[in-house]
Amino acid sequence: MSDKIRVSFGTASVLGLSTSRLDAVPTCAYLMVGERCVFPCSFCPQSTRSAGRADPRMLSRVIWPEYETNAVLERLKTACTKGLIRRVCIQSVESPGTRLLVMDLVEKLHDALTVPISVSLSPGSLSDVREIFARGGARVGLPLDVATPGLYARIKGGAFGAAKRAILKASEEFPGRISTHLIIGLGETEEDALRLVQEMVDAGVKTALFAFTPVRGTPLENMKQPPLDMYRMIQVSRALMEAKKLRVSDITFRDGRAIDLGDAALRVIFEDDGFIASALRTSGCPDCNRPFYNERPGGVMYNFPRPLAPREEREERGFLARVIRERAAGCSCETQSNHAAQCDREAQCI
Ligand code: SF4
């Protein structure tokens, strides 16, 4: 095991390793192993295509300071005992030697802690997945990240089919213990994303949704984050699909946008108490809330890392109602994409 380890900024604060004030606290401790990845993912600051690669502390928009591994372990024990940390997730950056370090760390954490351990690593070798479980891992996240073969080749520089097959095989061997990550806003349509989510649901794989976040120094640094209406439609559809209350075949798409989820789905969205609040929470492994992984404090909340306040729930309900109503009426204007904008054609849409 390496004597130093990187932990996310928020994790460091929960563990008392830093004194920063947090707007939302992580309930999962995020640890990073490896740096300067060998893969060329265009959205990632650790990739071979990133000019920001010189700074090994970055993953997504988050800074990961380095600490003594033993100090992190001791503090983790206390935080888990107090119930502050309910899961630990090891983010494996694909660099030479990382796999061995990850395996050792899984075992060490499993022996020392009572909370479940997740590991996120590139989909590939099934023997690595087996080894993680053999060493005491509880779940494995195999990020597909993008929704289509064309985007995969362009953005991740590899074969989508092989990566997806690796995820499905892992889930076949370890049912109910595999997650994947899907980043929304990389050029896919809602239909692309939801067809993939359905495939994952059918294979028993949980999908953790991320909103694309431009990071300085990466080839995609100038690309925008996804429109909020797109993200919310995918979030509620994913939640319905995972609850087996919607199938992608029930959704009517026009030009790749979901324009009708069907009456049964709408009843759940607007009549089931707490559905919207739970659908908009961070998705993925249980107790993984990734605060501000895709968001800036005070900015658009793509994934809520904590329960929604009653006012937020009312606003989100109103926003979704407007988006669904306008889409059904054939409106595709840009004002759908954020909360604040008022459409001057609203009278025609309603
Ligand atoms: S969903 Fe969260 S805990 Fe699970 S692998 Fe992804 S980042 Fe880790």
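The following legends describe close-up views of a predicted model.

**View 1. The open sheet of eight strands.** The strands follow the order β5-β1-β2-β6-β7-β8-β9-β10, with mixed pairing. β5 (66-68) and β10 (206-211) form the edges, each pairing on one side only. Direction ignored, neighbouring strands of this sheet are turned against each other by 30 degrees on average.

View 2. Three bridges join β5 to strand β1 (residues 4-7), and the two strands pair in the antiparallel sense. Among these strands' residues, Glu 66 of β5 is the bridge partner of Arg 6. Helix α2 (residues 69-81) lies across β1, β2 (28-33), β5 and β6, and runs at about 80 degrees to β5.

**View 3. The shell around the ligand.** Of the 13 residues around the ligand, those that come nearest are Cys 89, Gly 141, Gly 284, Cys 285 and Cys 288. Two or more residues of the shell are given by each of β6 (87-92), β7 (117-120), β8 (139-141) and β9 (178-184). By class, the shell consists of five nonpolar, six polar and two charged residues.

**View 4. The crossing of helices α8 and α11.** The axes of α8 (residues 228-242) and α11 (residues 310-328) come within 11 Å and cross at roughly 100 degrees; the two helices are therefore roughly perpendicular to each other. In this contact, Asp 229, Arg 232, Met 233 and Val 236 of α8 meet Phe 319, Leu 320 and Val 323 of α11. Five of the contact residues are nonpolar and two are charged, with no polar residue.

Definitions and conventions. Residues numbered from 1 in each chain as written. Predicted model: local features only at pLDDT ≥ 70, side-chain atom pairs only at ≥ 80, totals over all residues. Axes fitted to C-alpha atoms, helices over the stretch in contact; angles between N-to-C directions. Helix = DSSP H or I, 4+ residues; strand = E, 2+ residues; numbered from the N terminus. Parallel < 35°, antiparallel > 145°, perpendicular 65-115°, else oblique. Contact = placed C-beta atoms within 7 Å. Nonpolar A, V, L, I, M, F, W, Y, C, P; charged D, E, K, R; others polar. Near = placed C-beta within 6 Å. Pairing = 2+ DSSP bridges.
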